[in-house]
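Me: I would like to go through this model with you, one topic at a time. Could you keep the answers plain?

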Amino acid sequence: MSAKKRIVILISGRGSNMQALAEADIAQAEIVAVISNRADAAGLLWAAQHGLTTEAISHHDYPGREAFDAALIKHIDAYQPDLVVLAGFMRILTPEFCRHYTDRLINIHPSLLPAFTGLHTHQRALDSGCRVAGCTIHFVTAELDCGPIIAQGVVPVLNGDTADTLAQRVLKIEHQLLPKAVADFVAGNLVVEGNRVKNLADAVTDNVACLKN
Ligand code: GRF
């Protein structure tokens, strides 16, 4: 049996996606550290209480984005991660940081990319009259919220939705989708081909479906 894949999770706040990932207890994965840029992140406390290694590295302690990201790389690499997961890490990352972790850095974004990159995604989906909304797990590239898409989850937009009610509905599928994407990554099922991700597990399913038809 091959060694478990080492995962570092970066958070900035609540950490409910980090929690979903930890609770999924993926057999081939080990969460080796949870790092936050905010010492008061609620998720950091949860992680520590559940026996995970935690670190807080404040961006306020560095003169600029480049210096902070360089320090962050050093801290992360001390854990020798196979995968770095941005789970509500509310920082724009430098191109150097993104390049350093090419094809082993993933993010969860609360919209159906490429629609609504950036912030306030749920209000913008409502303002645009979207009938569906959702979330996207993608590999991170230097361009914000634009890397190859691993998985997407869709929910309906309902009459009377506010940004908050829609966010709650989307968050439920985030919690399902992120552990599945990480499980696919650690199983070696994700192959990046240009801007597309081939999921070898899906290919097997497709083949079976083809045979059945
Ligand atoms: C989630 O909606 C995620 O998609 C976005 O930030 C939020 C983080 O929530 N990137 P949590 O900290 O995981 O609860």
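Me: Which residues are buried in helix 1?
Reply: The model is a predicted one. In helix 1, the buried residues are Ser-16, Asn-17, Met-18, Ala-20 and Leu-21.

Me: What do the buried residues of helix 1 pack against?
Reply: They pack against strand 1 (5–11), strand 2, helix 2 (42–49), strand 4, strand 5 and helix 6. Just after helix 1, Asp-25 has a positive phi of about 50 degrees.

Me: Turning to domains, which ones does the assignment give?
Reply: The assignment gives domain 1, residues 1–101, and domain 2, residues 108–213. Their centres, taken over C-alpha atoms, are separated by 21 Å.

Me: How many residues of domain 1 are in contact with domain 2?
Reply: In domain 1, 20 residues make contact with 16 residues of domain 2.

Me: And what area is buried between domain 1 and domain 2?
Reply: About 1,500 Å² is buried between domain 1 and domain 2, and carbon and sulfur atoms give 76% of that area. On the domain 1 side, Asn-17, Leu-83 and Cys-98 supply 29% of the area buried against domain 2, more than any other three residues. Asn-17 is also one of the buried residues of helix 1.

Me: New topic: what is the volume of the largest pocket?
Reply: The volume of the largest pocket is about 1,000 Å³. Its lining has 37 residues, and those closest to the centre are Gly-88, Met-90, Ile-108, Pro-110 and Leu-119.

Me: What is the make-up of the lining by class?
Reply: The lining of the largest pocket has 16 nonpolar, 15 polar and six charged residues.

Me: How much space lies in the second largest pocket?
Reply: The second largest pocket holds about 210 Å³ of space. Of the 14 residues in its lining, Leu-21, Ala-22, Asp-25, Ile-31 and Leu-52 are the closest to its centre. Helix 1 and strand 2 (29–36) are the elements that give two or more residues to this lining. By class, the lining has nine nonpolar, one polar and four charged residues.

Me: Let us look at single residues. Is Phe-97 buried or exposed?
Reply: Phe-97 is buried, with a relative accessible area of 0%. Its place is in helix 4, residues 95–100.

Me: What does Phe-97 contact, leaving aside neighbours within four places in sequence?
Reply: With those left aside, Phe-97 is in contact with Leu-10, Asp-69, Leu-72, Ile-73, Ile-76 and Leu-105.

Me: And where is Thr-94 found?
Reply: Thr-94 is found in the loop between strand 4 (83–86) and helix 4. It counts as buried, at 4% relative accessibility. Not counting residues up to four places away in sequence, Thr-94 touches Arg-65, Glu-66 and Asp-69. Asp-69 is also among the contacts of Phe-97.

Me: What about Pro-81, buried or exposed?
Reply: Pro-81 is buried, its relative accessible area being 8%. It is found in the loop between helix 3 (65–77) and strand 4. Leaving aside its neighbours within four places in sequence, Pro-81 is in contact with Arg-6, Val-8, Ile-76 and Arg-104.

Me: Now the backbone. Which peptide bond is cis?
Reply: The bond from Leu-113 to Pro-114 is cis, with omega near 10 degrees. Pro-114 is found in the loop between strand 5 and helix 5.

Me: Finally, what is the phi of Asp-145?
Reply: Asp-145 has a positive phi of about 55 degrees although it is not a glycine. It is found in the loop between strand 6 (132–139) and strand 7 (149–156), and at 11% relative accessibility Asp-145 counts as buried.

Note on methods:
Residues are numbered from 1 along each chain as its sequence is written. This is a predicted model: local features need pLDDT of at least 70, side-chain atom pairs count only at pLDDT 80 or more; totals for chains, interfaces and linings use all residues. Side-chain values use heavy atoms; hydrogens and water are left out. Helices (H or I, at least four residues) and strands (E, at least two) are DSSP runs, numbered from the N terminus. Buried means under 20% relative accessible area, exposed over 50%, partly exposed in between (1.4 Å probe, protein chains only). Contact means heavy atoms within 4.5 Å. On a 1 Å grid over the protein atoms alone, a cavity is a set of points where a 1.4 Å probe fits but cannot get out, and a pocket is an open set with protein on both sides within 12 Å along at least five of seven lines; lining residues have an atom within 4 Å of a point. Grid points are joined across faces, edges and corners, and a volume is the space filled by probe spheres set on the points. Ala, Val, Leu, Ile, Met, Phe, Trp, Tyr, Cys and Pro count as nonpolar, Asp, Glu, Lys and Arg as charged, and the others, Gly among them, as polar. Domain bounds come from an automatic or database domain assignment. Buried area is the accessible area (1.4 Å probe) that two parts lose on being put together, summed over both.
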